[in-house]
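This report goes through a two-part question: what each chain is built from, and how the parts touch. Please look at the structure before reading on.

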Amino acid sequence: MRRFNWRLIAHVTGVLLLYVAAGMLLPIAVSIYSQDGMQFALALSGLLILMSGLFLRNMVGKKAEYVLREDESYWLTVAVWVVLPLFGTLPYLFTGTTASFTDAVFESFSGFTTTGSSVVAMPENLPPSVLTYRALTQWLGGLGLLLFVVALLRRLGLSAGTLYEAEFSGTQQRKLHPRLAKSVTRMWSIYGLFTVAMSVVLTMQGVNVVDAFCTACSTVSTGGFLTNSMGIMALGNGAVTTVTVFMFFSGVNVAVLYRIFTFKWRHLWSDGELRTYVVLFIAAVTVCTVAFFAEGNGLYDSARYSVFHIASTMSTCGFYMPTPRYWSFLVSVLTFILIVVGAMSGSTGGGIKLRRVIIMVKYVANYFNCMIHPNAIYRVKLNGQLVEKDYISKVFAFVFLYIVFIVAGGFVLTICGCSIPDAICMAAANISNLGPSPLINSLGGSLNYALLPALAKWILAVLMLAGRVELFALLAIVSPAYWRIRLKR
Amino acid sequence: MRFLGIVLMVEGLMILSCLIPALHFSDGTWEQIALSGLFTFFVGLLLKVRFRRARTMHNRRMAYLLVVLMWVVLGLFGTLPFLTTGTLIHFPDALFESMSGITSTGATVFSAVEWLPSSILLWRSMTQWFGGFGIVLLVLALVPSMGINKYSLYTAEASGADNTGKQSSTMGSTVRHTLGVYILLTFLFIFLLYKSGMHIWDAVNITFTNISSGGFSIYNNSLQGLTHLQQYIVALAMLLSGVNFALLFNFFTFRWDKLSHKLEQFLFYLCTVVAASLFVICALVFAMGYSWGDAIRNGLVQTISVITTSGSLVADTSQWWVPVSFLFVVLSLCGAMAGSTTGGLKAMRVLILVRHVRKILRDRLHPQSVNPVRLNGKPVSSHIVTNVMVIFMVFVMVIFIGIMLLMLSGINATESIGAVIACITGYGPGLGISGGFGCYAHFTTPAKLICSLLMLMGRLECLTVLILFIPAFWKK
């Protein structure tokens, strides 16, 4: 048995750090342009990231073998999602944006995992460069930095299949293109195109450039960092519409998006997951509209709020327009359920993912039918294809684990002094990479997490990470079963 | 329908037996009790006679329907003593109380129980005692073959929870053995409590509600007023009520070689009790300033009460530290061993769920290896694993929907979560006002009805009730 290939993990992490360092150029440029005095702090942190990246890539990971075992790909996934956010705290610390290291970690993890939970109460008081940096972390996190890597690995000649599997664990992918590297390039280009398009539209609607860019990054990556404490409303009605549309699309599988925008519409509607996404969206909007209307809002306003709110929840962006204080119970519970369900698989959104939920619900329905007709044989089909039994049991295990994580996270949060519903909602909102919790009693009525004790912030950061790497990768490397075998070698 | 009649007759007799305390303590309710008892008995008799020539049935669907119907009817007729004596005026209240009794939940709408007539108190305790065992199974055991496919009734009632290790090949004797253990334990604990200086009346009531893991009490402060020794005795009763009765039977009849069939579940159950109690004890000492002695007693007894979903209280738990309440919610969801009187998911299912996740992890790390889910050293068939998975998912969905409905009927978030989980697991006390020594009196009418339904669902493990709502069920 060959030795554990930690050199390669270091190498890839190093390469990704270089990308982050390159990304740092943008905030630095903004800083110089707007003269907010942050250029040195940002440049220093950029330099540190660059140096560490180079060190990891060229010194530690120098003679890396380009082969990846199953468990190593888990390590790689987790390492990347831990190391990058940790280095990502540097700009926050140097610019003095956050009060403590814990806050910086929270903000950085929230950014890279595209969660969008924030400890910053008044984002409008942040210098534009820091705002840009915050948005950029989400954007980089967005499509899964690892997909970057896959594109990059083409040059390295690494077997990309394993990584791809680790990143989108358990979701059988509709392949964009037989050759993975090429399909990743396509994904990436859609992603980039969306960001640029949205920034341009927002700018044309009269939003200033920094806000437009930051909002676009937050939306397309389904992150949800805001640029001001008033929410999206402060950008104007036109901007709200734009954001709504883009949120809706960012919750859609990238492969499906590609088909939509290349006008290959023929088999589009036969995609079961897309169909469910649309139907669920319409149903949720209807319920939500009724709920808002019953509270005495005008019909037009309720409809508009609902569409925005549901798009934001289903894509796990997490922009809240009327703050949760004004929601009825119905809206809160509906929101909670949608948060846990999450977006389509293969999108940048989080949650259990619609695909798994569909399979689960279908299987349960079949089970009931089986109870009535014990001799009949029922199978689960998705998109006209049979779903294998092994896969179904994986889905069940995943959902079970997801619930366990939420409950366990909620438990620790209650120790930190949150009430039980608050704790559960916060845990769910963060593991689903949504951001602000739909219940905010113990946060003093504000959407940001600044008032939580340090332990709670760390726990939420871990939950974000777990949600982003889809549990298994994280769980596999801490499982006793794995270590027992590892240590035996 | 004939079966239904017999069940009703039994219930009528049960109500009539409440006459004993009514007459003994002369609390002035004997007329009403006799009336409702006789009424129930005669409706039952009528049904039995009317449907004397009913065809035998082997239909699975009928079995599901029958089981649910029986529990509903039992609940409905169980309201009679409350309504006729005027202790509860509103029907939803009475239904809630009655359902809570026969499903051995222990949630109550009475803010103070001490002023209730003794006959009603006994009625509450007795419904739990019968309900805890599963009155349907009881009738099954006593009445010789009625042409009904008993096994399908059994699976309908227990959702195929523990069909892995019946100790006898025939259904009837399984039930009789189990019943024997149940009655033996009841007498044992009545005796123990009596010996510890308790009045025989108290001893009977407390044993009835705790051996069935029900949790109704005849005192406002539940177990708090008991002596320490008595509290420990009750805790032991609850602990045993959480053990699989087949296991107990084998233990008491010295068939120790058969114990290994369920050993792992048992150990898991004990480990959960120990681990959870340790946490609760530490929490009580460090976060709430109890002395060690008090903390150990309160923590241990209360944790056992939660895991076995009894819901008897040694202190006002609604005042306890929030994480402890949260832990209690989770523990009651896990529940004790399958094949006992307790509710929740049951230790066996939790074990299977955890092992299944471990299997999936192993499969991923070593794609070539074969990793079956094992229990007690034997591989569990994939059929059972999926059954467990489905029950878990259905549980979760029902809880979600329940919480949503309760919130819609005007209950706040904390209480909704508490009430739904307390009702579906059969624990009893919820969170907030409905938790601790509080009661469910302030719930709105729809909320009470929803809770009653949830108790029924929890008792029948969801699937049996839910299947009636599937359109395909009603198609020919």
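## Contact between the chains

Two residues are in contact if their C-beta atoms, placed from the backbone, lie within 7 Å. By this rule, 37 residues of chain A are in contact with 38 residues of chain B. The model is predicted, so local features need pLDDT of at least 70 and side-chain atom pairs count only at pLDDT 80 or more, while totals for chains, interfaces and linings use all residues. Residues are numbered from 1 along each chain as its sequence is written, and chains are lettered from A and ligands numbered from 1 in the order in which they are written.

Helices (H or I, at least four residues) and strands (E, at least two) are DSSP runs, numbered from the N terminus. Several elements of chain A give two or more residues to the side that touches chain B, among them α3 (70-95), α15 (354-372) and α16 (389-415). The most comes from α16(A), with 13 residues. Sorted by class, this side of chain A has 28 nonpolar, 6 polar and 3 charged residues. Here Ala, Val, Leu, Ile, Met, Phe, Trp, Tyr, Cys and Pro count as nonpolar, Asp, Glu, Lys and Arg as charged, and the others, Gly among them, as polar.

## The two chains

Chain A has 20 helices and 2 strands, and chain B has 22 helices and 2 strands. A residue is buried if 20 or more other C-beta atoms lie within 10 Å of its own, exposed if 12 or fewer, and partly exposed in between, with C-beta atoms placed from the backbone. Of the 489 residues of chain A, 56% are buried; for the 476 residues of chain B, the buried share is 56%.

In chain A, 72% of the contacts between residues at least 6 apart in sequence join residues at least 24 apart.

## Helix α16 of chain A

How far apart are the end C-alpha atoms of α16(A)? They are 39 Å apart, which agrees with the 39 Å that its 27 residues should span at 1.5 Å a residue. The expected span is 1.5 Å times one less than the number of residues. Of those 27 residues, 19 are buried, so α16(A) is largely enclosed by the rest of the structure. After α16(A) comes G417(A), whose phi is positive, near 105 degrees.

## A helix pair in chain A

Helices α14 (residues 329-341) and α17 (residues 420-431) of chain A pack at an angle of about 35 degrees, with their axes 8 Å apart. Axes are lines fitted to C-alpha atoms, for helices over the stretch in contact, and angles run from 0 to 180 degrees between N-to-C directions. On α14(A) the contact is made by F336(A), I339(A) and V340(A), and on α17(A) by C425(A), A428(A) and A429(A). This contact has 6 nonpolar, no polar and no charged residues.

## The nonpolar core

A nonpolar core is a set of buried Ala, Val, Leu, Ile, Met, Phe, Trp, Tyr and Cys residues joined through C-beta atoms within 7 Å. The largest one has 287 residues, and A428(A), V420(B) and C451(B) have the most contacts inside it. The helix that gives the most to this core is α16(A), with 14 residues. Leaving out residues up to four places away in sequence, V420(B) touches I399(B), G402(B), I403(B), L406(B) and L454(B).

## Residue T207 of chain B

T207(B) lies in helix α11 (residues 200-211) of chain B. Is T207(B) buried or exposed? T207(B) is buried, because 26 other C-beta atoms lie within 10 Å.
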